[in-house]
Amino acid sequence: MSKGSIQENAKGLYRFIAAIIITAAVSMLYAYVWLFRLNPLLRRPFLERGNLMMVILYALMVITVFLPFGAYKIGFSRKAHALLSQGLGLFFVNGMEFVFTCMLVGKFPQIPMIIPKFIWLYAIELLTLLFVTVLLTNIYRRLFPPYRMLQIHGGNENGLADKMNARDDKFWVCGEVSAQLPLRNIEQEIDNYDAVLLNDLPSELRNAILKYCFVHKKRVYFTPKISDILVVGSREMNLFDSPLFLNKNADSLIYYLFAKRCMDIIIALIGIILTSPVMLAAALAIHLYDGGPVFYKQKRLTKNGRVFDIMKFRSMIVDAEKDTGARLAWDHDSRITPVGAFIRKTRIDELPQFFNILGGSMSVVGPRPERPEIHEEYCKSVPEFDYRLRVKAGLTGYAQVYGKYNTTTYDKLKFDLLYVEKANLFLDIQLVLLTMRVVFQKEATEGV
């Protein structure tokens, strides 16, 4: 077994042990609160097996919620991102457990006694996870230093190596060669490094290097081409004595679309009800600032190129595009009002789109709807941009969760096409949960 294989196995084992420690830590805290604070409130308190069942159910809920949130990704995510995922995950778990406990107690007057116990539990769990996650992450980084990586770059200057080096706990791009060199020279250079970054290479050269790295067991990172993404959803077919893959390129199945629509309606109604006080305050602040309209409607494109009016809270001055025409906002854009800067930063300006989702012109998850004129402009330079319209536009999606506001159009397209190819109900739920984490990440709102 190669050195890289041994290290990868060790990483997997470490993350598995870390996940057990994290789950055990919060479950033990819950066990204490349940045994000595909550169980006595029941008319007939649980005995040994009942108490054990409650703790096991809590641990299973933690695992079920933490996995899609990415809360177990010790060493993969930044410390802040891991802690944020854990905090949001615990909020959902404790919320469900609170409802369940109230049902078990069955006495409305005792609910005010239950609330502070769960608040105390949540606070102690957060402090414990802060200590455990920081400790486990620091140990991980000492045990598994970043790979020494060689970048082989093509003609596209995308700054990918700089982005990766910004995560110096995971990546160390310490060498660079041009794809213009002879293949033999590139292969000799690869031997001096632990991993390789293939950055925008021609397909023929990339395939040759991939094969060389496979033989020599070198870790490879590479930027996918549109054609790579379009076959992500392919299915293996073993009908003949030759390997065969099927890429259906068909619309989503009817039962998935039905389930997705039901989820859209439920989330939109819940979103409207829960955020109505926030929307009311935002509307009042916008109107009081300059007396202009509260909402801003704009033509956008959704599935199959259908045009609809998207609703947003107005964050710019009235008639912001009267002289300039359609263009994206950027950092310190003079057209953005002080109230608008706040609601854009906190994503409050997007809340009225729950009404678009309820009406069916948008979905909760999907590619962000683009303006017709900007869409047409993008298609001139990247014809594949039109592929995004295979599915209904969404409030959130792959590009919103994993990209930034100023991520390049080409990279956003790749994210959107990944969703088009991989769309399923579980992925939709996962992206909705991850969006809640993104709301608290400052870097996701960086402007153009």
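Me: Contact means heavy atoms within 4.5 Å. So which residues does Leu 431 touch, leaving out those up to four places away in sequence?

Reply: Val 365, Thr 396, Gly 397, Tyr 398, Val 401, Tyr 402 and Tyr 419. Before we go on: this is a predicted model, where local features need pLDDT of at least 70 and side-chain atom pairs count only at pLDDT 80 or more, while totals for chains, interfaces and linings use all residues. Residues are numbered from 1 along each chain as its sequence is written, and side-chain values use heavy atoms, with hydrogens and water left out.

Me: Ok. Where does Leu 431 lie?

Reply: In helix α15, residues 425-438. Helices (H or I, at least four residues) and strands (E, at least two) are DSSP runs, numbered from the N terminus.

Me: Is Leu 431 buried or exposed?

Reply: Buried, because its relative accessibility is 1%. The cut-offs: buried is under 20% relative accessible area, exposed is over 50%, and partly exposed is in between (1.4 Å probe, protein chains only).

Me: How far apart are Leu 431 and Tyr 402?

Reply: 9.7 Å, C-alpha to C-alpha. In sequence they are 29 residues apart.

Me: New topic. How many residues does the largest nonpolar core have?

Reply: It has 34. A nonpolar core is a set of buried Ala, Val, Leu, Ile, Met, Phe, Trp, Tyr and Cys residues joined through side-chain atoms within 4.5 Å. Ile 22, Tyr 58, Val 62, Phe 66, Ile 114 and Leu 136 have the most contacts inside this core.

Me: Which elements give two or more residues to this core?

Reply: α1 (3-38), α2 (48-69), α3 (79-105) and α4 (111-143). The largest share, nine residues, comes from α1. There is also a second, separate core of 30 residues, which includes Leu 431 and Tyr 256.

Me: Back to Tyr 58. What is it in contact with, neighbours within four places aside?

Reply: Val 26, Ser 27, Tyr 30, Leu 90, Val 93, Asn 94, Glu 97, Leu 121 and Glu 125.

Me: And Thr 23, buried or exposed?

Reply: Thr 23 lies in α1. It is buried, because its relative accessible area is 9%. A polar atom of its side chain lies 2.8 Å from the backbone oxygen of Ala 19.

Me: Which residue other than glycine has a positive phi?

Reply: Lys 217 is one of them, with phi near 55°. It sits in the loop between α7 (203-215) and β4 (219-222). Lys 217 counts as exposed because its relative accessibility is 54%.

Me: Last one, strands. How many bridges join β1 to β2?

Reply: Seven, and the strands run parallel. Strands pair if DSSP finds at least two bridges between them. β1 is residues 147-153 and β2 is residues 171-178. Met 149 has Val 173 in β2 as its bridge partner.

Conventions: A polar contact is a pair of N or O atoms within 3.5 Å; within protein, one must be able to donate a hydrogen and the other to accept it, and residues adjacent in sequence count only if both atoms are side-chain atoms.
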